[in-house]
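Subject: Structure for you, plus some notes

Hi,

Here is the structure I promised to pass on. Have a look at it first, and then read my notes below.

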Amino acid sequence: MTNASALPIAAAAAASSTQLNTAIVVGFILFFVVASIVITWWTSRSSKSASDFYVAGKGVPWIQVGIAMVGSYLSAASFLGCAGDIGVFGIDSIWLSIGFFGGYMAVLLLIAGPLRNVGSYTVAGALHARFPDNRIKLAVMACTVVISTFYLVPQMLGAGLLFEMLLGWNFVWVTIILGVLMSIYIIFGGMKATLYNQVIQALFLWVAMVVLVVIAYFTVGHGSFAGILATAQQTVPPLLAAKNPAVVDAIKGLPADAAIATARQIMPAAESVMSIGVKTNSTLAMISTVIALVFGTAGLPHILIMFFTVPSARAAKKSVTLCIAALGIFYLCAIILGFLLYPAIYPKLVSWIAQGATGVGLAKNMAVLEISQMVGGPWLMAIGAAGAVAAVLSTSAGLMITVASSISHDLYKVYINPKASEKQELNIAKVTTLLMSAIAVILALALKKENIAWLVMLAFSIAASAIFPAMLATLWWKRTTRQGVIASILTGLVVSVLFIIMLLTGVKNDPLFGLPTAGGPGVFGVTASFLVLLLTSLATKDTGKDAAGFLATAHKPDVD
């Protein structure tokens with residue numbers, strides 16, 4: 001009698017807990033929505049000119065821009081995917097975090113100062129300053145649109161899937177609402193609203209990651225790095241364990257430590273999560289991924305455009321230095337969190353992955369939220385979910401305003417209406433924002449089954465192939481020619497996009513012309529772009545308008 005009466009009580013308690021979790025998550029997310037709208041209203045009063053809309057008047061303090069860079073860069077793939085990928089594959093996936101972080105070192109050392117000294121509103125404007133050829137603006141604009149689209153789609157996709165899996169909300173409507181929200185605060189607030197929102201979202205996201213890792217380190221890891229690594233050394237990679245039905249059945253319902261021991265007993269000769277080669281046994285594929293992440297960062301238009309919002313080259317370098325420090329801590333935490341997933345939720349990881357390809361994506365995207373729930377209850381899980389949404393909003397806004405500025409400033413102003421007024425140019429930027437939002441939503445619906453982190457890596461591959469070689473050579477090599485830059489941009493764009501089209505149409509896990517495709521087009525596109533740039537520049541003579549003067553301006557001593 002007692003057991004029978006306890007059942008509805010337990011069910012009611014579970015339902016109440018679920019409602020509480022949902023309310024907390026929705027509350028945190030609504031906070032960001034309301035904050036975004038308030039900031040947009042406040043900044044819209046001072047966003048009047050083209051300079052205000054595109055680059056916030058070029059007078060934003062370097063500290064604010066540095067924090068906003070963190071917000072713009074930390075996408076859902078960083079917050080959820082880096083630790084989640086380690087949870088699935090093991091040590092092979094630490095290259096994601098290292099690559100994401102290492103990219104900003106390339107930006108600081110090679111790009112930040114010189115680009116700020118010579119630029120205007122867009123990346124194309126910086127190249128055009130040395131090579132006054134409108135075809136360069138057109139080529140860079142095309143790259144900007146393609147890169148930003150490939151980067152924007154997984155953000156929208158991640159947010160829609162997150163709400164669908166966590167709250168049971170309709171994927172289509174969530175994706176549409178997010179697109180509308182971002183369009184509103186870009187159209188009315190421009191870069192100023194974007195920067196302020198990115199600062200708030202970056203602080204929340206960064207603190208959420210650090211707090212989560214600190215709590216998990218002492219509760220799950222018992223405050224011992226040696227213990228965490230010892231556990232990892234004994235752990236059969238979830239990807240391999242999930243392929244063994246005996247392991248899947250045996251560890252159901254077991255605590256994580258017992259499940260790890262049981263899986264090792266059943267598979268004594270299996271590799272551990274500390275073994276290299278679980279994710280891929282191709283060194284070239286791994287190199288391709290690292291090249292895409294490191295050099296791709298230095299070619300991402302929505303990152304580079306931020307250098308034009310600060311007053312000077314020195315301020316740009318300070319912003320990047322601050323960003324690097326914050327990112328270093330964040331990605332170190334992501335790596336630690338990835339290894340904490342094993343003693344925390346190992347059976348859950350294996351059960352997810354055992355569901356097939358969909359389960360692998362579920363494990364990557366939900367593992368961080370699962371450990372948040374475990375170590376901090378519904379409040380920390382809600383903070384984690386809101387942090388992921390903050391990452392989506394922040395990154396997506398930066399991407400959309402970059403595309404809007406490139407279309408209006410480099411296409412409309414140059415080719416369609418050279419005599420356009422500032423008001424007309426701004427109107428085109430706002431229309432572009434709406435169109436970009438609609439395209440992103442449609443593509444997110446079409447690519448719902450694709451892995452988020454993999455799609456982000458493709459965007460980095462295009463940026464590394466199409467933008468970085470031309471940008472680097474323009475800012476540093478006196479012998480670079482106009483023809484070389486144009487040929488390099490087009491080669492990198494065509495090679496990487498064709499490679500991606502083939503990957504998306506069915507050869508993702510198969511060799512292509514005898515070459516591994518698992519790492520994406522990074523090494524192939526970058527190599528082709530640099531070779532074409534070098535050979536074409538050596539064969540031609542147009543080194544631009546006063547190449548020596550341009551380089552002197554780019555590398556003038558840092559002054560505030």
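Start with arginine 482, which makes a salt bridge to aspartate 133 with 3.0 Å between the closest N and O atoms. This pair ties together distant parts of the chain, 349 residues apart: arginine 482 belongs to helix α20 (residues 482-507), while aspartate 133 sits in the loop between α6 (123-130) and α7 (134-167). Keep in mind that this is a predicted model.

How exposed are the two partners? Arginine 482 has a relative accessibility of 19%, so it counts as buried, the cut-off being under 20%. Aspartate 133 is buried as well, with a relative accessible area of 10%.

Aspartate 133 has another salt bridge, this one with arginine 135, where the closest N and O atoms are 2.8 Å apart. Arginine 135 is partly exposed, at 49% relative accessible area. If you take in Asp542 too, you get a network of salt bridges linking Asp133, Arg135, Arg482 and Asp542.

How many salt bridges does the structure hold? The count is five. One of them pairs lysine 252 with aspartate 249, and here the closest N and O atoms are 3.8 Å apart. Both ends of that pair lie in the exposed class: lysine 252 has 61% relative accessibility, and aspartate 249 has a relative accessible area of 51%.

Is serine 372 buried or exposed? With a relative accessibility of 1%, serine 372 counts as buried. Its side chain reaches the backbone oxygen of valine 368 at 2.7 Å. Once you set aside neighbours within four places in sequence, serine 372 is in contact with Leu212, Gly377, Leu380 and Met381.

Now for the confidence of the model. The protein chain has an average pLDDT of 80, and 84% of the residues score at least 70.

Cheers

Technical notes
Residues numbered from 1 in each chain as written. Heavy atoms only, no water. Salt bridge = Lys/Arg side-chain N within 4 Å of Asp/Glu carboxyl O. Buried < 20%, exposed > 50% of the residue type's maximum accessible area, 1.4 Å probe, protein only. Helix = DSSP H or I, 4+ residues; strand = E, 2+ residues; numbered from the N terminus. pLDDT = per-residue confidence, 0-100. Polar contact = N/O pair within 3.5 Å; in protein donor to acceptor, adjacent residues only side chain to side chain. Contact = heavy atoms within 4.5 Å.
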